[in-house]
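Here are my notes on how the two chains are arranged. They follow the order in which I would look at the model.

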2 protein chains.
Amino acid sequence: MEFSSKLLESAVNEMAQLPGIGKRTALRLVLHLLKQPESQTELLSESLTAMRSNINFCSNCHNISDTSLCEICSNANRDQSIVCVVEDIRDVMAIENTSSYKGHYHVLGGKISPMDGIGPSELTIPSLVRKVEDGIIDELIFALSSTMEGDTTNFYIFKQIEKFDIKTTTIARGISVGDELEYADEVTLGRSIVNRIPFESSLKN
Amino acid sequence: MEFSSKLLESAVNEMAQLPGIGKRTALRLVLHLLKQPESQTELLSESLTAMRSNINFCSNCHNISDTSLCEICSNANRDQSIVCVVEDIRDVMAIENTSSYKGHYHVLGGKISPMDGIGPSELTIPSLVRKVEDGIIDELIFALSSTMEGDTTNFYIFKQIEKFDIKTTTIARGISVGDELEYADEVTLGRSIVNRIPFESSLKN
């Protein structure tokens, strides 16, 4: 792509660094900004810079937060003895949306993925193990994605905390609500039969 | 969507103002920036702000340019008596990529679209008409999108310059190279038969 302006070119190149945004999309976005008032570009730039340089993480659960202890961790009504282990803030938001969980979270910041150079020390696993050692946790719920990396991470953490007397659970894998059986994949369907639950308890939700 | 941080929320909201980017995508992009070095966010913000506040348009063809006369308009080897009318810089880039055009351009900055509040005065049509009045143009090539708005814009310009003695042409509409006839739409196929060309001239390209 040849540009008639260096300013345009560098804006497009920087925009195209974002994941899933190619040069054509970047050009479309940048040309859109050119047609909008200058203030919109300023607001965008300022909010990105402010976010990147001033963002804070909760000292307890490592979730993104403006305060040193996030709203969930500082809420006395929530049960700190149950900790749900998730990958990032999006998972916290998704689970909070369901309104069916009243415990704490622990945000790992990713999954163990040797291919991408992410090992246990790049994640917040040591701080999770310390919390378990301190004896405040009764139950650890693994809520990572059901992928190879997610399962590896679950297993790695499980091995680290095996010797402590706490309950470890994982979110249920099964057929999604509203899904037709014939389209479900074999592994999911198989697991959903092996891990079947009493009919009465399915009536509760 | 409820965010645990105001900084994150405003960054996501600003990002989601861009066309085709919803809140979920915006969150994904912003979280990506958080994982990258701070310098990447700074480069992105700076290049966007610099582009938006310092961008220049060529005084002759209205294309984006760092100089007051763009490279194409200031190139003595290009024929200024032929002017190709296009919508925006992307069309100039696309036609330049073909290397088959050696005339000048005129960038309208959009198409006439009453639904979006874009009339002739929002575009650079007056300056195009002045160029025609000055008598430097021999041929005007309409190269707008083949849509209702594109055709309206073509016709509006045509009516404005009808009284001057210049040739007006439009780029050929027809079956794309590599396309199968059976999948072509009726209008395109019909026009490609009505506007058929001598076989010898199809051998030239």
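This is a predicted model: local features need pLDDT of at least 70, side-chain atom pairs count only at pLDDT 80 or more; totals for chains, interfaces and linings use all residues.

How many residue pairs are in polar contact between chain B and chain A?

1. The count is 15 residue pairs, with both residues at pLDDT 80 or more. A polar contact here is a pair of N or O atoms within 3.5 Å; within protein, one must be able to donate a hydrogen and the other to accept it, and residues adjacent in sequence count only if both atoms are side-chain atoms.

2. Residues are numbered from 1 along each chain, chains are lettered from A in the order in which they are written, and side-chain values use heavy atoms, without hydrogens and water.

3. Chain B superposes on chain A by a rotation of 180° with 0.1 Å of shift along the axis, RMSD 0.1 Å (least squares on C-alpha atoms of residues with pLDDT of at least 70 in both). That is the relation of a two-fold axis. In chain B, the C-alpha nearest the axis belongs to Ser45(B), at 2.2 Å.

4. Contact (heavy atoms within 4.5 Å) joins 52 residues of chain B to 52 of chain A. The copies meet through the same surface, because 100% of the interface residues of chain B are also interface residues in chain A.
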